[in-house]
Amino acid sequence: MGGERVYDNSGWMVETAPILGATIEPHLDWLLSRIEPTASELAALRVEGADARIDCYWSSIGMSGGPWITAKTMARLVALDLDLVVSFYAVDPDDAD
C-alpha cells in the first residue's frame, strides 16, 4: 500500500554480559562509555522532543541487597541528563540454580 507508520514511542534494549560483573557499576560504565561519545546527537534528539533514560533490571535472592552507584557514575549520568530507573526483582532461592 505504501502507507507510512508512525509510532509515538520507540526504544532500544541492550543486554550486557554477566562477565562484566555481579554489581551494576561495571554494566553502567560499559553503557555510558558507548553513549558519551554521542552526547551531542543525544542532545539534538532531545531538542526534537525525544526523551531518554536508562532503565536497569536488578534481581536479588531474597529481599536484601541492591545496586551501589558511585558518585562518579551519577555525575556521568547527570552530564548526559539521563535519569536512571532500576527495577528490582526478588528471586526465590530455590529457583536461583
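**Close-ups of a predicted chain**

**View 1. Aspartate 81, out in the open.** Aspartate 81 counts as exposed because its relative accessibility is 52% (exposed is over 50% relative accessible area, buried under 20%, partly exposed in between, with a 1.4 Å probe and protein chains only). This is a predicted model, where local features need pLDDT of at least 70, side-chain atom pairs count only at pLDDT 80 or more, and totals for chains, interfaces and linings use all residues. Residues are numbered from 1 along each chain as its sequence is written, and side-chain values use heavy atoms, with hydrogens and water left out. Look for aspartate 81 in the loop between helix 3 (71–79) and strand 2 (83–91). Its phi is near 55°, a positive value in a residue other than glycine.

**View 2. The whole chain, for orientation.** Count 3 helices and 2 strands here, running α-α-β-α-β from the N terminus on (helices are DSSP runs of H or I with at least four residues, strands runs of E with at least two, numbered from the N terminus). Of the chain's 97 residues, 19% count as buried. The average pLDDT, the predictor's confidence in each residue from 0 to 100, is 84 for the chain, and 85% of the residues score at least 70. Confidence is highest in helix 3, at a mean of 96, and lowest in strand 1, at 82.

**View 3. Histidine 27, tucked into helix 1.** Histidine 27 belongs to helix 1 (residues 24–35). It counts as buried because its relative accessibility is 16%. Once neighbours within four places in sequence are set aside, histidine 27 is in contact with Thr16, Ala17, Leu20 and Gly21 (contact means heavy atoms within 4.5 Å).

**View 4. The largest nonpolar core.** This core has 13 residues, and Ile24, Leu32, Ile35, Ile54 and Leu82 have the most contacts inside it (a nonpolar core is a set of buried Ala, Val, Leu, Ile, Met, Phe, Trp, Tyr and Cys residues joined through side-chain atoms within 4.5 Å). Helix 1 and strand 1 (53–61) are the elements that give two or more residues to the core. The largest share, 4 residues, comes from helix 1.

**View 5. Leucine 32 and its partners.** Which residues is leucine 32 in contact with, leaving aside its neighbours within four places in sequence? They are Pro37, Ile54, Thr73, Arg76, Leu77, Leu80 and Leu82. As for the chain overall, 75% of the contacts between residues at least 6 apart in sequence join residues at least 24 apart.
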